[in-house]
There are 2 protein chains.
Amino acid sequence: MIDKLSLRASNLGASASSSDVIHDALRAAIIRGEIEEGQTLRQDAIAKMFNVSRIPVREALKRLEASGLVTSVRYKGVVVSPISVAEIEEIFEFRATIEPQLIAHSVPRMTTESLDHAQALCNSFAQEKEAGLWGDLNRQFHSSLYLNAQRPYYFAAAAAANDRVERYIRAQLSLTHGRDRAIEEHQMIVDACCKGDAQRAAALTRDHIMQASTSLTKFLDRGD
Amino acid sequence: MIDKLSLRASNLGASASSSDVIHDALRAAIIRGEIEEGQTLRQDAIAKMFNVSRIPVREALKRLEASGLVTSVRYKGVVVSPISVAEIEEIFEFRATIEPQLIAHSVPRMTTESLDHAQALCNSFAQEKEAGLWGDLNRQFHSSLYLNAQRPYYFAAAAAANDRVERYIRAQLSLTHGRDRAIEEHQMIVDACCKGDAQRAAALTRDHIMQASTSLTKFLDRGD
DNA sequence: ATTTGCACGATTGTATCCAATATACAACCT
DNA sequence: AGGTTGTATATTGGATACAATCGTGCAAAT
């Protein structure tokens, strides 16, 4: 028998189809705000970008539609789903319900490694100078706190909710003092995790999300 | 200007494509348990059932995959997602988090009409003799209590969670005393709504869901 | 000037065909 | 017999071709 490890055999069966690649790329572009909401996505244009036919593009769009990121009208096309301030508030409130439960379940299951990893991501976020990376690092940090929860459904629900408002989270981080405050709150959450205080970590997470929500809606109601 | 209401103008643009029809039919069949979990869905077979090509079938399957009802492996096919007892428990717990919030937001916004409608559905469920209809009536009843919440994201999240465990909700209702107990609890929830007691309605909803969960998992751990 | 009808291009929805891959089974070797 | 290799068939993934629909501009009618 050959040594499997020497080949680093990857699971080919689960390799990405064109449809998967296109889906992931579009999803990333949408949640990062690189495609602005309301913009219509033309099948042909996307197909040409990826050098494929429209078939895999359509399948990718159907999946994005199922997760709410785009809205489709027959014979007219799909547009990046617009989202109202009320919906943003609702989704932040949803996150503030789900994510504290995730972290509360995680804390008693965290290992030294996962705590170190979380602290490292916390530091990366705090030290990163380039604003374009704050969103990714912020999300990685929060995800790392939920990995031990053993709550896949909650985790997926939180991820979906984050996808819908990701571009507003990024906007909030770019607000005056938005990131500064996040840095402080992140460290407090990590500290609570290190002490094994699940309830405090949950409460801090909830506050962190709601604080971002109010500071964001204050900005959106005023300026936009 | 013509009177729009007199026309009851339906949104023609949103008329159903083949892909939509197939998606809805498959979804209904899966959540009702008519297609059992683990069973593989052949594109060709489905296409022939609906007298269409495989293209709209594939799009329907991609959407089902995005909502978690089926699992797809490249070049092998899609199977109805199996679900473990742990996942069932998690999703019931998720419902027990979300649905009380929905009803709590609904209660202060309920009208006499919506209360009457809920009571009517409550009665229909209690009086229905045919076991095959209990699942639908149960779901209609609960949905009616959430309609006034003005929380579309919560509502959609609850609907998706219900889809995933619908067949187990049905099983639970068929258990000894499962339905009897549901009937009592439903009436208590409606009564709390009529009194405008949002917190009690929420607490009762939470108990209702958790009670179903424990009675169900007790059955699944023992028998299955 | 405004409205109505229509032709045409652009775009989406679906069918049909081909390629890539998996599965089952036969042939073969030891 | 047991296992391995080759081959046929079934099934999915994707490309191409065609049909259905939408939107727009323009001309004719009022």
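Predicted model: local features only at pLDDT ≥ 70, side-chain atom pairs only at ≥ 80, totals over all residues.
Y75(B) is not a glycine, and its place is the loop between β2 (70–73) and β3 (77–80) of chain B. Colour the residue by accessibility: with a relative accessible area of 75%, Y75(B) is exposed, because the exposed class begins over 50%.

β2(B) and β3(B) are paired in the antiparallel sense over four bridges. V73(B) stands opposite G77(B) in β3(B), and S72(B) has V78(B) as its bridge partner.

**The sheet of chain B**

L41(B) is opposite V78(B) in β3(B). The three strands make an open, antiparallel sheet in the order β1-β3-β2. β1 and β2 of chain B each have a single partner strand and stand at the edges, so one side of each has no neighbour in the sheet.

Now show the side chains of β3(B). In a regular strand, side chains alternate between the two faces of the sheet. On the covered face of β3(B) are V78(B) and V80(B), while G77(B) and V79(B) are on the uncovered one.

**V78(B)**

Centre the view on V78(B), in strand β3 of chain B. Is V78(B) buried or exposed? Its relative accessibility is 9%, so V78(B) counts as buried; the limit for that class is under 20%.

Which residues does V78(B) touch, apart from those up to four places away in sequence? They are Q39(B), T40(B), L41(B), L61(B), V70(B), T71(B) and S72(B). Select L61(B) from this set and draw a C-alpha to C-alpha distance: L61(B) and V78(B) are 7.8 Å apart in space and 17 residues apart in sequence.

**The sheet of chain A**

Move to chain A and select its strands. Three strands form an open sheet here in the order β1-β3-β2, with antiparallel pairing. The edge strands are β1 (40–41) and β2 (70–73) of chain A, each of which pairs on one side only. β1(A) and β3 (residues 77–80) of chain A are joined over two bridges in the antiparallel sense, and L41(A) stands opposite V78(A) in β3(A).

**Where the chains meet**

On the α8(A) side, the contact is made by P152(A), Y153(A), Y154(A) and A157(A); on the α5(B) side, by E90(B), I91(B), E93(B), F94(B) and T97(B). By class, the residues of this contact are six nonpolar, one polar and two charged.

**The nonpolar core**

In the largest nonpolar core, which has 79 residues, F94(A) and F94(B) touch the most other members. Helix α5 (residues 85–106) of chain B supplies the largest share of this core, nine residues. In soluble globular proteins, nonpolar side chains tend to be buried together.

What is F94(B) in contact with, leaving aside its neighbours within four places in sequence? In chain A the partners are F94(A), I98(A), Y153(A), Y154(A) and A157(A). In chain B they are A157(B) and A161(B).

**Two loops to finish**

Select Q150(A), in the loop between α7 (134–146) and α8 (152–174) of chain A. Q150(A) has a positive phi of about 55 degrees, although it is not a glycine. This residue counts as exposed at 58% relative accessibility.

Last, select E128(B), in the loop between α6 (112–127) and α7 (134–146) of chain B. At 21% relative accessibility, E128(B) counts as partly exposed, because buried requires under 20%. Not counting residues up to four places away in sequence, E128(B) touches L133(B), W134(B), L137(B) and R179(B).

Methods:
Residues numbered from 1 in each chain as written. Chains lettered and ligands numbered in written order. Heavy atoms only, no water. Buried < 20%, exposed > 50% of the residue type's maximum accessible area, 1.4 Å probe, protein only. Core = buried A, V, L, I, M, F, W, Y, C linked by side-chain atoms within 4.5 Å. Contact = heavy atoms within 4.5 Å. Nonpolar A, V, L, I, M, F, W, Y, C, P; charged D, E, K, R; others polar. Pairing = 2+ DSSP bridges.
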